[in-house]
Amino acid sequence: MNNNTEINNKPILVGVEEACKIVGIGRNTMYKLIKMKGFPVLIFPHKVLIDKNNLESWISKNYGIYRK
């Protein structure tokens, strides 16, 4: 299979619900993470998109850091 086809079939950015499934957390907790500095997110007026390729590395770097 062509690599370009694979890239085109897999979204780089995902919505909040999909990111919640990937990480295994609830929606409210995800929105708290989104507000943290450096979180891999693009925020538009009516849409929040998370970079799923950088999500795992961000979590690894910020493991144990959580502020209410």
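Predicted model: local features only at pLDDT ≥ 70, side-chain atom pairs only at ≥ 80, totals over all residues.
Student: How many helices and strands does the protein chain have?
Tutor: Elements are DSSP runs numbered from the N terminus: helices are H or I with at least four residues, strands E with at least two. Here the protein chain has four helices and three strands, in the order α-β-α-α-β-β-α along the sequence.

Student: What share of the protein chain is buried?
Tutor: Buried means under 20% relative accessible area, exposed over 50%, and partly exposed in between (1.4 Å probe, protein chains only). Of the 68 residues, 25% count as buried. The accessible area, from the Shrake-Rupley method with a 1.4 Å probe, is about 5500 Å² for the protein chain, and carbon and sulfur atoms supply 52% of it.

Student: At what angle do H2 and H4 pack?
Tutor: Axes are lines fitted to C-alpha atoms, for helices over the stretch in contact, and angles run from 0 to 180 degrees between N-to-C directions. Under 35 degrees counts as roughly parallel, over 145 as roughly antiparallel, 65 to 115 as roughly perpendicular and the rest as oblique. Helix H2 (residues 16-23) and helix H4 (residues 52-61) pack at about 45°, with axes 11 Å apart; H2 and H4 are therefore oblique to each other.

Student: Which residues of H2 and H4 meet?
Tutor: A contact needs heavy atoms within 4.5 Å. Ala-19, Ile-22 and Val-23 in H2 meet Lys-52, Leu-55 and Ile-59 in H4. By class, the residues of this contact are five nonpolar, no polar and one charged. The classes are: nonpolar for Ala, Val, Leu, Ile, Met, Phe, Trp, Tyr, Cys and Pro, charged for Asp, Glu, Lys and Arg, polar for the others, Gly among them.

Student: How do the axes of H2 and H3 cross?
Tutor: The axes come within 10 Å and cross at roughly 100°, so H2 and H3 are roughly perpendicular to each other. H2 contributes Val-16, Glu-17, Ala-19, Cys-20 and Val-23, and H3 contributes Arg-27, Met-30, Tyr-31 and Ile-34. Those residues divide into seven nonpolar, no polar and two charged.

Student: Where are Gly-26 and Gly-38 placed?
Tutor: Gly-26 is in the loop between H2 and H3 and is partly exposed, at 38% relative accessible area. Gly-38 is in the loop between helix H3 (27-34) and strand S2 (41-44); its relative accessibility is 58%, so Gly-38 counts as exposed. From C-alpha to C-alpha, Gly-38 and Trp-58 are 7.9 Å apart in space and 20 residues apart in sequence.

Conventions
Residues numbered from 1 in each chain as written. Heavy atoms only, no water.
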